[in-house]
Amino acid sequence: MTKPIWIKHASQLATLASNINGPRTKEAMSDLGIIEDGSMWVEDGIIQAVGSTKDLEKLYSGKLHEAEVVNAAGHLITPGLVDPHTHVVYGGSREQEFEMRLQGATYMDIMNTGGGIHATTRMTREATEGELIEQTTRRLDSFLAHGVTTIEGKSGYGMNVETELKQLRVMKKLQEQHMIDIVPTFMGAHAVPPEYKGREDEFIEYLIREMLPVVAEEKLAEFNDVFCEKGVYTPEQSERILEAGKRFGLIPKIHADEIEPYGGAELAARIGAISAEHLLKASEAGIKAMANSGTIACLLPATALYLREEAAAGRKMIDCGVPVAISTDCNPGSSPTTSMPLVMNLACISMRLTPAESLTAATYNAACAINRQEQVGSLEVGKQADIVLWNVKSYQELQYLFGVNHVKTVWKNGVKVV
């Protein structure tokens, strides 16, 4: 039995607690459940009580001497951050493409000449499982240092049976070895592999016949994602892949409308996708359809910044009633970052989210985007003690002082990891 943890006197304790089931929309995204002079009691990795310091002093008066005491005076406490969209398992690096883009090459230019996703696919296919574990562990350590305690991880840098399974098995092993929780997504349809160029429908048949059954049988993924974009997969092809995944018990996600309006948001709403990702070019009709369906918009402002594109219309989406989450999109080509604090800053600066909405998008709504809202995303009795103590006194200050990692302490399941 470990000692209980008593955190007391937090300047602000942002619980994100609410009686709303499912992702939050509109005004509810601004309700952080703030407790001034806040306090928490944690035992065996689970939150036992949340309230004012005065209330918890009374409640645990007979046990205070047993606890590890954390004086959080002058500091902000929030739930552990949740990153609902990453490509964290990959081999190699693509720093040369950064320079190419600065010289005028576009994302699709690079991909069509064998770079981009195809370059990482080659390096990931060549990497051993051990090499992928070593490289990914460094990224996971950096996520923790930035206050992230749960992430989603996608495959998609194999696009053949062997490498897709290798990526997903690496995630499964790291889920057992690392403190971060990793929620796996199968994304065999991340691009069309070069060997299937011009034979896209053959590859889709291969994916459905050879990949999906093994992923389902080994329980290697919870979600199925596809890159619905002109020059990659059409909406019709994307729907075929996602509907096939549903037959294997995989919940659909979709990379949608990143490069141009292509009907991806509309498709996400129509097939009941839990989330649609990117959405830089989502149409008015697509935004309205997502608001009506409750599909979560997973927005990636660091990717837009890195590609020097205009960010997604986050303010408009929230005002229209779309539930919004945010993510790093950690990947080697278009967003090589593990900093969710920076992403929260950018959500305010480039997408006009308020500081409160940005925090909701990085915690509770992000947890909803990967079906983890019952375990993480808010500080409530019975949930995992995934907690961040910040070197700022308020959630406003957290977003105001941008580009800085303000993490002081991180607990994962009640264990101090940073």
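Modeller: Residues are numbered from 1 along each chain as its sequence is written, and side-chain values use heavy atoms, without hydrogens or water. The model is predicted, so local features need pLDDT of at least 70 and side-chain atom pairs count only at pLDDT 80 or more, while totals for chains, interfaces and linings use all residues.

Biologist: Happy to start with the UniProt sites: how far apart are the C-alpha atoms of His85, His87, His255 and Asp329 at most?
Modeller: The unreviewed UniProt entry lists these four under "binding site"; such annotations are in the numbering used here, have shortened feature names and may be inferred rather than shown by experiment. They are spread over 245 residues of sequence, yet they cluster in space. Their largest C-alpha distance is 12.4 Å.

Biologist: Which residue's side chain makes a polar contact with the side chain of aspartate 329?
Modeller: Aspartate 329 sits in the loop between strand 13 and helix 13; helices (H or I, at least four residues) and strands (E, at least two) are DSSP runs numbered from the N terminus. Its contacts (heavy atoms within 4.5 Å), leaving out residues up to four places away in sequence, include His85, His87 and His278. A polar contact is a pair of N or O atoms within 3.5 Å; within protein, one must be able to donate a hydrogen and the other to accept it, and residues adjacent in sequence count only if both atoms are side-chain atoms. At 2.9 Å, the side-chain partner of aspartate 329 is histidine 85.

Biologist: Is histidine 255 buried or exposed?
Modeller: Histidine 255 belongs to strand 10 (residues 251-256), and beyond its neighbours within four places in sequence it contacts residues including His85, His87 and Asp225. Buried means under 20% relative accessible area, exposed over 50%, and partly exposed in between (1.4 Å probe, protein chains only). Because its relative accessible area is 3%, histidine 255 is buried.

Biologist: There is another listed set; why do Tyr157, Asn331 and Gly333 gather at one spot?
Modeller: The unreviewed UniProt entry also gives these three as "binding site". They span 177 residues in sequence, but they gather at one spot because no two of their C-alpha atoms are more than 11.8 Å apart.

Biologist: What does the side chain of asparagine 331 reach at 2.8 Å?
Modeller: Asparagine 331 is buried, with a relative accessible area of 4%. Its place is the loop between strand 13 (324-326) and helix 13 (340-351). Its side chain reaches the backbone nitrogen of glycine 333.

Biologist: Nice! Now helix 10: which of its residues are exposed on the other side from the buried ones?
Modeller: In helix 10 (residues 284-293), the buried residues are Gly286, Ile287 and Met290. They cover an arc of only 100° around the axis, so they lie on the same side of helix 10; the arc is that of the directions from the helix axis to the C-beta atoms. On the other side, the exposed residues are Lys288 and Asn292.

Biologist: And how many disulfides does the structure hold?
Modeller: A disulfide is a pair of cysteine sulfur atoms within 2.5 Å. For cysteine 298, the nearest cysteine sulfur is that of cysteine 368, 12 Å away, and for cysteine 348 it is that of cysteine 298, 16 Å away. The number of disulfides in the structure is zero.
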